[in-house]
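This report covers aromatic contacts.

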Amino acid sequence: MGTKKSAFISLTELARNFQEVKAGLTPAEARDESNRCLYCYDAPCIQACPTGINIPSFIKKIASGNLKGSARTIMEANPVGASCSRVCPTEELCEGACVLNHSTKPIRIGDLQRYATDWAIKNEQSLFKPGEKNGRRVAIIGSGPAGLSAARELARLGYEVTIFEAKDKAGGLNTYGIVSFRLPQEVPLWEVKQVEQLGVEMITNVRVGADIEAHEITENFDAVVLAIGMGKVPMLGIEGEDLAGVHDAIEFVEATKTADLKEGLVGKRVAVIGAGNTAIDAATCSVRLGAANVKILYRRTQEEMTAYDFEYDFAKQDGVEFRWLTVPKRIIGDEKGNVKQLECWRMELGEPGADGRRRPIPVEGSEFILEVDAVVKAIGQTRHLDVIEAFGLEHHRGIVKVNLETCQTSNPKIYAAGDVIFGDGHGEAMVVTAAQQGKDTAYAIHKQLTKAGIESA
């Protein structure tokens, strides 16, 4: 896309830059694509989907014109299936497993999933009904993919569910953390509405430890689900991080979705530190905010970066430059306290560390200067230790420990799912994985509480 780099870009033009990039399928395209499907009996695409969507079934319903049935099949398995149709790495999951990879090209499963769920959104469909009330109450902390999925399943099982959300709107990562030109905010908000329509109470702008105490929640509910995700980007630990023009990538992306678009990056030079999906989002947002030049700096090589391949390709198409084996040494400011330059080291890869990855080592005497006007930190995320410790849960550096069979934490009344348990070799940081963990947690709670009810009868 061609973003202007002139000295002035109107707010209308900037807003237009954040409109969804990829167009959905037309009815004719959806019909033709769905008719390519072989409807495999032992469909490997289902096995490759972490939520187990019956992909041949929803595609066949599209082919027959039953779009509500198709959307329901998708959302039955994945409560955030509309969002996942846009953000899942389908080429690594369902489409990667499609048998047609061996002959022609895989079915465009993600695009067909989007086609069906977009129809449901446009036509304001309510796809599910709550179960008969069983008299038990469950609290969920956090309304991201894991929390929403747990809430949806529990409500359908008859539980009275209350979600406590720190932000103004529900939806977590999908609502705030993924750029609008890939995932418009109305999509996750529709998924939130689907859950609310089941009678789930959504209490926003509430922080555990500030607006409500952890013990109040554990005392007033039969079970608690901790689905708080992760927090801000950690500090780089270098000189100059307090200068104006240094941004947290999480907050940077969120600002493009919650505030009026500003013109502060028009014509400027931006350096993004890191090479994960959030770094890509920050870089492509910078392009759309009018930056004249955007560079991603990564201390390892392309082979080691954690961003998906399609994200990398997307950034390159936007003109983002990549500087491999480069790490910032210090941020240099001008007399007014604004970012002016970034001093960097060139790196080389040494011996593998405990995680099996070769460790980057600065090359002696390799320092060089980059002229920049803004620096965006995208080197991972911190953990919500205050909330975890408020509930008194066992954890390892903010990664909450759970029994993988029961989804219970060190406090058997408290369960956990999503990014709060991701790490130390457990799980994958994908929206679809968090959605499945939320479902698993709901079923685990139902099993435990049903068993407890039988034993006390």
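## Terms and model

A residue counts as buried when its relative accessible area is under 20%, as exposed when that area is over 50%, and as partly exposed in between. The model discussed here is predicted.

## Ring pairs

Two rings pair if their centres lie within 6.5 Å, and planes under 30 degrees apart count as stacked. By this rule there are eight aromatic pairs. One of them joins tyrosine 308 and phenylalanine 310: the ring centres are 5.6 Å apart and the planes meet at 20 degrees, so this pair is stacked.

How accessible are the two partners? Tyrosine 308 has a relative accessible area of 15%, so tyrosine 308 is buried. Phenylalanine 310 comes to 26% and is therefore partly exposed.

The rings of phenylalanine 322 and tryptophan 324 also form a stacked pair, because their centres lie 5.2 Å apart with planes at 20 degrees. Phenylalanine 322 is buried, at 15% relative accessible area. Tryptophan 324 is partly exposed, at 25%.

## Charges over rings

Two arginines are placed over phenylalanine rings. Arginine 137 lies over the face of phenylalanine 221, and the distance to the ring centre is 4.2 Å. Arginine 288 has its charged end over the ring of phenylalanine 181, at 3.9 Å from the centre of that ring.

Definitions and conventions
Residues numbered from 1 in each chain as written. Predicted model: local features only at pLDDT ≥ 70, side-chain atom pairs only at ≥ 80, totals over all residues. Heavy atoms only, no water. Phe/Tyr/Trp six-rings, centres within 6.5 Å; stacked < 30°, edge-to-face > 60°. Buried < 20%, exposed > 50% of the residue type's maximum accessible area, 1.4 Å probe, protein only. Lys NZ or Arg CZ within 6 Å of the ring centre and 35° of its normal.
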